[in-house]
Amino acid sequence: MQTCLPIESAFPKAHHSLQSRVVWGSRVVTVGGDAPVRVQSMTNTDTVDAIGTAIQVKELALAGSEMVRITVNTPEAAAAVPYVREQLDRMGIDVPLIGDFHYNGHRLLTDYPACAQALSKYRINPGNVGKGNKRDTQFGQMIEAALRWNKVVRIGVNWGSLDQELLASLMDENSARSAPWDARQVMYEALITSAIDSAQRAEDMGMRRDQIILSCKVSGVQDLISVYRELAKRTDHALHLGLTEAGMGTKGTVASATALSILLQEGIGDTIRVSLTPQPGEARTQEVVIASEILQALGLRTFVPSVTACPGCGRTTSTTFQELAKQIDDFLRAQMPVWREQYPGVEGLRVAVMGCIVNGPGESKHADIGISLPGSGEAPAAPVFIDGEKRLTLRGDNIAQEFQVIVENYIEKRFGAHAVAQAS
Ligand code: SF4
């Protein structure tokens, strides 16, 4: 007879990276080591517009972004950075700002010390710091600024702007091999070598290893998995993970979720960004929502109460349950910036909104609070389950509003100050 052993639960492997500290004022965002995988994002405003940029940073931070990157591409943008910081401080948004530098970062960080100081981390692209003998000098100037102001850097390699001299030299080496690698493998090697050699150069100048975060971004899912698996083998630096130019809408969301989930499950990746192209009219915060959802779906973090909703089928004759599921989901998400402070632990709440009697009562009982709406042919009644038990039945035209009030009361009772005082 076959021995029956309990089936092992799947869970992401532990991370084995160094821990970086990204600091603004008294706010410290740890990245790597035993820190939770961090969510970050990037603005798409012109940084010269300090107010507009600060507003978007605020929106991203309130949506759950724990660090926000801004473009620093011109002297005017560098001059605006301290004002962006000041606006955020005035609004009480203490999210650390990351400066994204290409081509002229060495000059901007040297000529605008207030900018260098106001940023909490610098992103340096080794493929865009200069060519020939200027490359090391200009890279060195950026590292000197990081040392002077005690900042973390991300050495962020991107296959769209890979160091062409390094790639050419690896191609030459490859052609001398008895069995040359294919071009893709040489490109992988170039991405990783560029990141690791640049980190070594920064360390030689005096940076601590834990002040350096690495990334090697590509736009193909299998390429990203191949590169990061190898990168994680070769270094213990904290890793910033993301698919570059993921694309729009469903394609960008699915590609990012697929690539990031596989790597995160293997314990690879300490901070993530979903580089989604916003659809016309879509909020920039969507990339933060998706990044958070990936981490929450993997069981790595909990950000917002989860709403379990069935897909609906031929047993549902109206869109009522779809509307209610969306309404409850939107409501919970919109309340989170306030509830996070007011109701500690509320992010772990599980709500179910189901379409009929087949799975409705069962799924609702598994949730903290659930509603099973009537399917076609069923009595026009919606039983509500709280903590696994049927407590009441809603009827009539105001089921959505009444259920929302029930959810709010449940949250107040379970997570409010009164509940906390009783527990202590
Ligand atoms: S719970 Fe009912 S309505 Fe929802 S998918 Fe299942 S059978 Fe269809």
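The lining of the second largest pocket consists of two nonpolar, eight polar and seven charged residues. Here Ala, Val, Leu, Ile, Met, Phe, Trp, Tyr, Cys and Pro count as nonpolar, Asp, Glu, Lys and Arg as charged, and the others, Gly among them, as polar. The model is predicted: local features need pLDDT of at least 70, side-chain atom pairs count only at pLDDT 80 or more, and totals for chains, interfaces and linings use all residues. Residues are numbered from 1 along each chain as its sequence is written, and side-chain values use heavy atoms, without hydrogens and water.

**Exercise 1.** Find which residues lie nearest the centre of the second largest pocket.

*Solution.* Step 1: a pocket is an open set of points on a 1 Å grid over the protein atoms alone where a 1.4 Å probe fits, with protein on both sides within 12 Å along at least five of seven lines; lining residues have an atom within 4 Å of a point.

Step 1: 17 residues line the second largest pocket, and His102, Arg123, Asn158, Thr244 and Glu245 are nearest its centre.

Step 2: strands S7 (152-158) and S8 (212-217) are the elements that give two or more residues to this lining. Strands (E, at least two residues) are DSSP runs, numbered from the N terminus. S7 has the largest share, three residues.

**Exercise 2.** Determine how the lining of the largest pocket divides into nonpolar, polar and charged residues.

*Solution.* Step 1: of the 15 lining residues, Arg27, Ala61, Gly64, Ser65 and Arg340 are the closest to the centre of the largest pocket.

Step 1: the lining divides into six nonpolar, three polar and six charged residues.

Notes:
Helix = DSSP H or I, 4+ residues; strand = E, 2+ residues; numbered from the N terminus.
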